[in-house]
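Hi! Here are my notes for you to read with the model open on your screen. Take them one at a time and find each spot as you go.

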Amino acid sequence: NNVKFFEFQGIDDDNNIVYQDFKLEGDTTEPEITPNHEDMFVCDYTSGGLTLSFTASKTNGLGIDTESYKITRIVSTANGNIEEVLADQSNTFTYTQKQLEEIVQTDSQPKFRFYAADLLGNKATAQRTVVLTALPALDKISSDAMNGTYKAGDVITLEASFTGPVKVTGTPRLSLKYSSDDSNPKYAVYSAGSGTDTLKFTYKVPSGASSAKLFCADNPVILNGGKIETTDINGGDAHLETLKEGNRLQDLKEIALDGVAPKINSVYISCEDSAEGDFNAGKEIKAVIYADKNILVSGSPVLKLVASSKTFDCSFQGINGKQIIFTHKITASDSNGIVSYNLSNCFTASDLEFITDTNGNNLVLNTEDVLSESKIKIDTVSPAVPSMSFTPGTLTDNGTYNKSQTLKLSALE
């Protein structure tokens, strides 16, 4: 019966007696115990200790007897289960990593009980099972790509190695930097490796990228809304803590990026070693392209120059560092006029495929459509045959004279 009856009797100095009845309801409800870990909590025994604790409370506000606190571990023996007291009159107990490593040898899922009572003696217990496991941890970031410089469009595969197999959900990323103090992170995207101890990420070198050495961030793995966890049946997230020095991409590889395309700085046009003048058929025009980077040429590109609004071709002769050298021998069929060039269309798209910098980035043309003139002029027009006339009345054709006479020549250039 949860109802208790009480009678109070009062007597004054004249022996007058008064009675008062009280009815109190009893409290037999248990306290509510809340441990600090959910049931089947996964604990990585290789990365530190384990703290067990709990709180106890009553919804009606009745106090808790803290001396009733107790934490035990249920240990299986040949004679049945026994309870090993871990904490008496305390609601907290901590295992060291070494203790956990000893426990896991015989019990990978130890069970724990938590005890508390209220001030009326109502007792409660709660039980939790902790899963002890060695969760995989990020060990290093490296790459299967060879050391060297990579151009725009190249795809670099990066590898994140873990201490054990992991499975991937979603599309995590790797945070990369172009230098140690680069504050603008770039990202490699997860591509393969779920179920193994090595995850692969790919990074496509963008146009304009420039890095003397590719770095990964100190905390390189970004989950990006996904998960990286152990493949163990008990589950648990992989550790993604800061990489130690020596295990980072910049410690293990020498990968540089050059995604900057070479451009034309200027053009120098000459003929027969002269920078200006009029030149006729048989003379050789020389055009030198000056780029902003050292150049390689893999084929036979053709440079297009202009005279009197008509283009003519110059043949590739060679390179010298940043210089690309072309020549053209003037013929009678060439258009006459000042030799000009337009850096927005002096090469066709197919010819540009032949011209790269030393890392393989193709030459790009200027975007401004401007025709620029040199000081070289093609002139293959022969002058008219000259004619000769005589002063009327003084000279005749085929005549012989013994003193100075005046002749008039015309049609001479």
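1. **Before you start.** This is a predicted model, so local features need a pLDDT of at least 70 and side-chain atom pairs count only at pLDDT 80 or more, while totals for chains, interfaces and linings use all residues. Residues are numbered from 1 along each chain as its sequence is written, and side-chain values use heavy atoms, with hydrogens and water left out.

2. **A sheet of three strands.** Look for the open sheet with the order β12-β21-β18, where the pairing is mixed. β12 (148–151) and β18 (210–211) are the edge strands: each has a single partner strand, so one side of each has no neighbour in the sheet. As for the terms, helices (H or I, at least four residues) and strands (E, at least two) are DSSP runs numbered from the N terminus, and two strands pair if DSSP finds at least two bridges between them.

3. **Inside that sheet.** Now zoom in on β12 and β21 (residues 255–258), which pair in the parallel sense over four bridges.

4. M146 sits in the loop between β11 (138–143) and β12. Is M146 buried or exposed? Its relative accessibility is 66%, so M146 counts as exposed (buried means under 20% relative accessible area, exposed over 50%, partly exposed in between, with a 1.4 Å probe and protein chains only). M146 still touches K253 and I255, leaving aside residues up to four places away in sequence (contact means heavy atoms within 4.5 Å).

5. **A nonpolar patch.** On the surface, I11, I17 and Y19 make up a nonpolar patch with about 310 Å² of accessible area together. Patches are made of residues with over 30% relative accessible area and no salt bridge, joining like charges within 9 Å and nonpolar side chains (Val, Leu, Ile, Met, Phe, Trp, Tyr) within 5 Å. The areas come from the Shrake-Rupley method with a 1.4 Å probe, and for residues only the protein chains shown count as cover. I11 belongs to strand β1 (residues 3–11) and is exposed, at 52% relative accessible area.

6. How many salt bridges does a search of the whole structure find? The count is 16, where a salt bridge is a side-chain nitrogen of Lys or Arg within 4 Å of a carboxyl oxygen of Asp or Glu. K293 meets D258 in one of them (2.9 Å, N to O). That pair links distant parts of the chain, 35 residues apart: K293 is in the loop between β24 (284–291) and β25 (295–297), and D258 is in strand β21. K293 also meets D357 (2.7 Å, N to O). D357 lies in strand β30 (residues 355–357), so this pair ties together parts that are 64 residues apart in sequence. K293 is buried at 18% relative accessible area, and D258 counts as buried at 12%.

7. **Another pair, D27 and K58.** These side chains form a salt bridge too (3.4 Å, N to O). D27 is in the loop between β2 (17–25) and β3 (32–35) and K58 in the loop between β5 (50–57) and β6 (64–77), so the pair ties together parts 31 residues apart in sequence. D27 is buried at 18% relative accessible area, and K58 is buried at 10%.
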